[in-house]
Amino acid sequence: LLQTFKNTFAFVAWSLVGHFVLGLGLALALNQALPGQTFFRLVALIPWTIPDVVAGIIFRWALNPINGCLNPLIRMVFPGFPAEFQWLSSPTLAFPSVIVANVWRGYPLVMVMLLAGLMAIPRELYEAAAVDGAGRLKRFFHVTLPGLSTIILIALALDMVWEFRRFALVVTMTGGGPGTLTEVLSTLVYKTYFQFFTFEYASAVAILMSVVLFV
């Protein structure tokens with residue numbers, strides 16, 4: 001249980017960081033007046049339209065050591081890379097692989113909320129800051145971030161709840177393995193209840209999850 005808690009908190013923390021960094025970067029880019037702006041916004045939303053199970057299958061196939069597409073692509077750049085490198089079976093790379101898949105799958109939620117916040121910031125504030133001599137970096141830290149502070153708090157809070165109970169993506173990609181290295185609380189509850197039929201223990205862990213999420 002302690003190992004699973006550590007995995008879950010690390011999974012949530014890295015996912016939040018990835019979602020925020022990628023979501024904010026794309027929100028800033030998509031807030032610019034560029035040709036095809038609507039098209040690019042729709043493309044950026046595609047990962048959010050894909051169910052967790054489908055996203056897990058896509059990444060499990062891409063990381064497959066025999067039939068996957070990632071190893072051949074890496075070998076095109078680095079010819080000495082192993083032809084059948086094991087990503088999801090590696091004790092050191094399985095967990096980062098799941099996090100990368102989850103970051104790709106979940107960043108549009110944060111991106112959309114931050115983009116809405118950016119569109120609500122009055123342009124006059126940027127113009128006034130520019131007149132006062134503030135460069136792009138100062139405008140970001142003194143206009144953009146303060147204007148997004150409430151939205152950032154709400155987005156990260158909602159995202160944390162989503163990621164803390166993430167289930168299907170992890171089960172589809174690794175099933176919690178190798179061993180328990182990618183086991184999270186939701187998969188532990190599922191296995192304990194539906195595979196090992198230890199109903200009391202599974203219920204206790206589920207209640208503990210609820211208490212943590214409430215806090």
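Residues are numbered from 1 along each chain as its sequence is written, and side-chain values use heavy atoms, with hydrogens and water left out. Because the model is predicted, local features need pLDDT of at least 70 and side-chain atom pairs count only at pLDDT 80 or more, whereas totals for chains, interfaces and linings use all residues.

**Salt bridges**

The structure contains four salt bridges, each being a side-chain nitrogen of Lys or Arg within 4 Å of a carboxyl oxygen of Asp or Glu. Among them are the following pairs.

| Pair | N to O distance |
|---|---|
| Arg 105 and Asp 52 | 2.8 Å |
| Asp 52 and Arg 166 | 2.7 Å |
| Glu 183 and Lys 191 | 3.2 Å |

Helices are DSSP runs (H or I, at least four residues), numbered from the N terminus. Asp 52 in helix H3 also pairs with Arg 166, which is in the loop between helix H7 (136-164) and helix H8 (168-173), so this bridge ties together parts that are 114 residues apart in sequence. Both Asp 52 and Arg 166 are buried (under 20% relative accessible area, 1.4 Å probe, protein chains only), and Arg 105 is buried too. Glu 183 and Lys 191 are likewise both buried. Through shared partners, salt bridges join Asp 52, Arg 105, Glu 163 and Arg 166 into one network.

**Nonpolar cores**

A nonpolar core is a set of buried Ala, Val, Leu, Ile, Met, Phe, Trp, Tyr and Cys residues joined through side-chain atoms within 4.5 Å. The largest has 28 residues, and Phe 11, Met 173 and Leu 185 have the most contacts inside it. Helix H5 gives the most to this core, with five residues. Beyond its neighbours within four places in sequence, Leu 185 is in contact (heavy atoms within 4.5 Å) with residues including Phe 5, Phe 164, Val 205 and Met 209. A second, separate core of 20 residues includes Val 110, Leu 118, Val 143 and Ala 155.

**Largest pocket**

The lining of the largest pocket comprises 13 residues, of which Leu 28, Gln 32, Tyr 126, Arg 136 and Thr 144 lie nearest its centre. A pocket is an open set of points on a 1 Å grid where a 1.4 Å probe fits, with protein on both sides within 12 Å along at least five of seven lines; lining residues have an atom within 4 Å of a point. Helix H7 gives the most to this lining, with five residues.

Technical notes
Buried means under 20% relative accessible area, exposed over 50%, partly exposed in between (1.4 Å probe, protein chains only). Helices (H or I, at least four residues) and strands (E, at least two) are DSSP runs, numbered from the N terminus.
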